[in-house]
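Here is a short report on a protein model. Look at the sequence and structure first, then read on.

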Amino acid sequence: MGLTIGVDIGGTKIAAGVVDEAGAILETSTVPTPPTPEGVVDAIAAAVRTVGAGSTAEAVGIGAAGYVDDKRATVLFAPNIKWRHEALKDKIEQRVGMPVVVENDANAAAWGEYRFGAGRGHEDVVCITLGTGLGGGIILGGRLHRGRFGVAGEFGHIRMVPDGLLCGCGSQGCWEQYASGRALVRYARQRAAADPERAAALLELGDGTPEGIEGRHISEAARAGDPVAVDSFRELARWAGAGLADLASLFDPSAFIVGGGVSDEGDLVLEPIRKSFRRWLVGARYRPHARVVAARLGGRAGLVGAADLARQG
Ligand SMILES: [Zn+2]
């Protein structure tokens, strides 16, 4: 199979792209994400039809945030779009006349990185995506590990801290409450509230109050060496690295790929993650260590990965 179409469903926009066998995006079409679940289905179909018109694309892969069933057809549960047992594959196939594969978005991104990005040359790879929350994907022996029911790799809700912080999922102490973009903002706000003088430069980037500090302010300040911003990244990194050590016990991959907006900061966040990973890795002095590397495809990973999964059939 030659060209396929990948679809990435974001909170604000839906992107569809024609992707070739080398993972290059040849053409894209984006539409705003509609507010209703049925509207999103229509918008996906419209974006696919627009980008596919005049191309020889033969199949469609859709990355969706949520639990996707083992047949890669139905979104069982999507917290943001409010899909519940949504038969997405059937609906899109009817509208676009091509075979469709639906995959969890973090799985699709992991597959994209494995095939065309930071995971090339590895057969056993675990990806974490540090975005607003924390997503994951597992490649074992060159295959995407989906689990019996299709929902493996949901690392964000591993309970890292018994009786820890309340999570939106209803549990407590979930990993993403400690290692995610949202956690980063909390760390910075807490530090700014406790010591406004030390956080003066960071506070100035927002509206002057701790609540006015946003992720982009922390990134900007950290790049300029601001101590509060750098400390906030380090705290996030400590939790991320500790979790990776646990994942090494579970999956023993040769590489961990760290993606998502937080990883855009490169070694500022990667180095403390590596340090924490080594600190918590059991028997660290006596075993080979997996590499901890930054994702390479950025925001394209999900679209490219979904398109490639559609190609694999
Ligand atoms: Zn949770």
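How much area do domain 1 and domain 2 bury between them? The answer is about 1100 Å², with 54% of it on carbon and sulfur atoms. The model behind this value is predicted.

The domain assignment gives domain 1 as 4-111 + 300-312 and domain 2 as 121-295. Their centres, taken over C-alpha atoms, lie 27 Å apart.

**The interface**

Contact involves 14 residues of domain 1 and 15 residues of domain 2. Two salt bridges cross the interface. Three residue pairs are in polar contact between domain 1 and domain 2. On the side of domain 1 that touches domain 2, β5 (67-68), β8 (100-104) and α3 each supply at least two residues. Helix α3 gives the largest share, four residues.

Five strands form an open sheet with mixed pairing, in the order β11-β10-β9-β12-β13. Its edge strands are β11 (143-144) and β13 (291-294), and each pairs on one side only. Strands β9 (residues 125-130) and β10 (residues 134-140) run antiparallel, joined by six bridges. Cys127 has Gly137 in β10 as its bridge partner.

| Helix | Strands touched | Angle between directions |
|---|---|---|
| α3 (residues 105-116) | β9, β10, β11 and β12 (255-259) | about 50 degrees with β10 |
| α8 (residues 267-280) | β9, β12 and β13 | about 160 degrees with β13 |

Methods
Residues numbered from 1 in each chain as written. Predicted model: local features only at pLDDT ≥ 70, side-chain atom pairs only at ≥ 80, totals over all residues. Heavy atoms only, no water. Pairing = 2+ DSSP bridges. Contact = heavy atoms within 4.5 Å. Axes fitted to C-alpha atoms, helices over the stretch in contact; angles between N-to-C directions. Domains from an automatic or database assignment. Buried area = accessible area lost by both parts, 1.4 Å probe. Salt bridge = Lys/Arg side-chain N within 4 Å of Asp/Glu carboxyl O. Polar contact = N/O pair within 3.5 Å; in protein donor to acceptor, adjacent residues only side chain to side chain.
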